[in-house]
Amino acid sequence: MEQDSIRNFRFQNLQEKNMSFEDVFKHIVHFMKLNPRGNYRLMVGTDSQVHRTYTIFITGIVIQQESHGVWACIRKVIVPRKMLHLHERISKELTLTEEIVSMFTEHKQNQLIHIILPYVYQGATFSMEGHIDIGAGNRNKTRAFVKEMVARMESMGVEPKIKPNAFVASSYANRYTK
């Protein structure tokens with residue numbers, strides 16, 4: 001049953017709508033095969049916005065070849081109520097990020113690593129990051145949740161990034177929550 005819900009997730013970007021996760025994965029593979037000698041970062045992050053009668057969550061998936069561009073897409077989830085409690089909303093954001101990260105199974109991650117593997121000694125790299133829309137600064141309301149959320153991401157074997165380094169959540173996904 002869980003596997004069925006994964007297959008039903010729908011993604012989009014400016015060029016393509018209604019993509020399955022398999023479509024997204026094929027785009028990532030194609031992007032990396034264009035230059036297998038590159039330095040790649042696969043990043044997933046979610047942001048939310050409370051509206052009058054609902055809360056919208058946008059999860060971004062971004063594959064970046066450092067200094068050479070990106071391919072990206074989003075997944076939209078709407079909760080039909082105002083989620084006013086900050087911890088609940090941040091936790092939901094991270095849960096949605098974790099769902100997408102878990103779709104990049106060990107097998108799928110190995111497929112991506114095998115693209116760059118022949119070029120590792122020439123400097124090719126691959127990493128996976130979970131971008132969390134929280135900050136540790138004294139003026140940031142989410143600082144109380146940093147340890148909890150970072151530990152959740154680390155438990156999945158993914159490098160956590162928080163503000164100001166969590167740009168997939170705080171910038172890319174944020175742009176689609178309005």
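Reader: Which residues do ring pairs link into a cluster?

Author: Please note that this is a predicted model. In it, the cluster linked by ring pairs consists of Phe-11, Phe-21, Phe-25 and Phe-104.

Reader: How many aromatic pairs does the count come to?

Author: The count comes to six aromatic pairs. One of them joins Phe-11 and Phe-21, whose rings are tilted, with 6.3 Å from centre to centre and 55° between the planes. Phe-11 lies in the loop between helix H1 (2-7) and H2, while Phe-21 is in helix H2, so this pair ties together parts that are ten residues apart in sequence.

Reader: And Phe-11, is that buried or exposed?

Author: Phe-11 is buried, with a relative accessible area of 2%. Phe-21 also counts as buried, at 3% relative accessibility.

Reader: Let me change topic to the sheet. What order do the strands have?

Author: The sheet is open and has five strands in the order E3-E2-E1-E4-E5, with mixed pairing. Strand E3 (70-79) and strand E5 (159-161) stand at the edges with a single partner strand each, so one side of each has no neighbour in the sheet. From one strand to the next, the twist averages 20°.

Reader: How many bridges are there between E1 and E2?

Author: E1 and E2 pair over eleven bridges in the antiparallel sense. One example is Thr-46, whose bridge partner in E2 is Thr-59. A hairpin connects E1 to E2 through four residues.

Reader: What about E2 and E3, parallel or antiparallel?

Author: E2 and E3 run antiparallel and are joined by ten bridges. In E3, Val-79 is the bridge partner of Thr-55. The hairpin of these strands has four residues between them, and Ser-67 there takes a positive phi near 70°.

Reader: How many residues of E2 are buried?

Author: Eleven of the eleven residues of E2 are buried. Both faces of this strand are covered. Phe-57 and Ile-61 are among the buried residues on one side, and Ile-58 and Val-62 are among those on the other.

Reader: E1 and E4 next. Which way do they run, parallel or antiparallel?

Author: E1 and E4 run parallel, and eight bridges join them. For instance, Leu-42 has Met-128 as its bridge partner in E4.

Reader: Where does H3 pack?

Author: H3 packs on the sheet and touches E1, E2, E3 and E4; its direction makes about 145° with that of E1. H2 lies across E1, strand E2 (55-65), E3 and E4, and runs at about 25° to E2.

Reader: I clicked on Thr-97. What does it touch?

Author: Leaving aside residues up to four places away in sequence, Thr-97 touches Val-44, Gly-45, Thr-46, His-131 and Met-153. Thr-97 is found in helix H3.

Reader: Why does Thr-97 count as buried?

Author: Its relative accessibility is 1%, and buried means under 20%. Thr-97 therefore counts as buried.

Reader: Now H4. Which of its residues are buried?

Author: In helix H4 (residues 106-116), the buried residues are Lys-108, Leu-112, Ile-115 and Ile-116. Seen down the axis of H4, they fall within an arc of 100°, so they line one face of the helix. Glu-106, His-107 and His-114, on the other side of H4, are exposed.

Reader: What do the buried residues of H4 pack against?

Author: They pack against helix H2 (21-33), strand E1 (39-50), helix H3 (86-103) and strand E4 (125-132).

Reader: How many salt bridges does the count come to?

Author: The count comes to seven salt bridges. Among them is the one between the side chains of Glu-129 and Arg-41, also at 3.0 Å from N to O. Glu-129 lies in strand E4 and Arg-41 in strand E1, so the pair ties together parts that are 88 residues apart in sequence.

Reader: Is Glu-129 buried or exposed?

Author: Glu-129 is buried, with a relative accessible area of 4%. Arg-41 is buried as well, at 17%.

Definitions and conventions: Residues numbered from 1 in each chain as written. Predicted model: local features only at pLDDT ≥ 70, side-chain atom pairs only at ≥ 80, totals over all residues. Heavy atoms only, no water. Buried < 20%, exposed > 50% of the residue type's maximum accessible area, 1.4 Å probe, protein only. Helix = DSSP H or I, 4+ residues; strand = E, 2+ residues; numbered from the N terminus. Arc of directions from axis to C-beta. Contact = heavy atoms within 4.5 Å. Pairing = 2+ DSSP bridges. Axes fitted to C-alpha atoms, helices over the stretch in contact; angles between N-to-C directions. Salt bridge = Lys/Arg side-chain N within 4 Å of Asp/Glu carboxyl O. Phe/Tyr/Trp six-rings, centres within 6.5 Å; stacked < 30°, edge-to-face > 60°.
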